[in-house]
Amino acid sequence: MKTLERLVLAHLRPLVSSFMDPLQFAYQPDIGVDDAVIYLLHTSLTHLEKAGSTVRIMALSSDRLLCSTGAPQGTVLAPFLFTLYTADFSYNTPSCHLQKFSDDSAVVGLITDGDDREYRGLIQDFADWCLRNNLQINAGKTKELVVDFRRRSHSPPAPVSIQGKRTSTL
């Protein structure tokens, strides 16, 4: 069965490659977790070199859900089909992006002078998209990392809420 799935995958991948999210770092040939980490670090550290800059990273986790339908665990096609299913929500601007690795996602906000409206808007848009597409976010496991090397003391940024639950900041 896995051999047949690999043949189907070899046929499907070229047909849908133009629709795939370029910031999905899983289940693609020659792309992996190292690439995801390097991309995240490069964009964050490059931004932090500018005066008045902060980086906020919201690590979103999926919730466990028992389901009696779908693809069985361990199949060749299941991961590819999941990334194809989630490919229609992508976001990438110079100041904010959504980065994915399998079913883990991170909203990265490159904040200048405390203006985090785009970052907060992207988090809300993504949470709304997940609800509309039957994907649950585990708000209890969702964590935010705030990196701010500014020397002057600033009040910490206001926390972000997802589905009415306040996320914790590291």
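Colleague: What should I know about the numbering and the model before I start?

Modeller: Residues are numbered from 1 along each chain as its sequence is written, and side-chain values use heavy atoms, with hydrogens and water left out. The model is predicted, and local features need pLDDT of at least 70, side-chain atom pairs count only at pLDDT 80 or more, while totals for chains, interfaces and linings use all residues.

Colleague: How many helices and strands does the protein have, and what pattern do they follow?

Modeller: Helices (H or I, at least four residues) and strands (E, at least two) are DSSP runs, numbered from the N terminus. Here there are 4 helices and 8 strands, and along the sequence they follow the pattern α-α-β-α-β-β-β-α-β-β-β-β.

Colleague: In which order do the strands of the open sheet lie?

Modeller: Strands of a sheet pair through backbone hydrogen bonds, either parallel or antiparallel; two strands are taken as a pair if DSSP finds at least two bridges between them. In this structure an open sheet of 6 strands has the order 2-3-4-1-5-8, with mixed pairing, and its edge strands, each pairing on one side only, are strand 2 (92-93) and strand 8. Strand 1 and strand 4 run antiparallel and are joined by 8 bridges, with Leu60 having Ser105 in strand 4 as its bridge partner. Strand 1 (residues 53-60) also pairs with strand 5 (residues 143-147), in the antiparallel sense over 5 bridges, and there Ala59 has Lys143 as its partner. Strand 5 and strand 8 (residues 168-169), by contrast, run parallel and are joined by 2 bridges, where Lys143 stands opposite Ser168.

Colleague: Which residues have the most contacts inside the largest nonpolar core?

Modeller: A nonpolar core is a set of buried Ala, Val, Leu, Ile, Met, Phe, Trp, Tyr and Cys residues joined through side-chain atoms within 4.5 Å, where buried means under 20% relative accessible area, exposed over 50%, and partly exposed in between (1.4 Å probe, protein chains only). The largest core has 17 residues, and those with the most contacts inside it are Met58, Val107, Tyr119 and Phe126. Strand 1, strand 3 (96-101), strand 4 (104-112) and helix 4 (117-132) are the elements that give it two or more residues, and helix 4 gives the most, with 7 residues. Apart from this core lies another, of 7 residues, among them Val55, Ala106, Val108 and Val147.

Colleague: What lines the second largest pocket?

Modeller: Rolling a probe the size of a water molecule over the atoms shows where empty space is left. On a 1 Å grid over the protein atoms alone, a pocket is an open set of points where a 1.4 Å probe fits, with protein on both sides within 12 Å along at least five of seven lines, and lining residues have an atom within 4 Å of a point. Of the 18 residues that line the second largest pocket, the closest to its centre are Leu40, Ala59, Asp104, Ser105 and Ala106, and helix 2 gives the most to the lining, with 4 residues.
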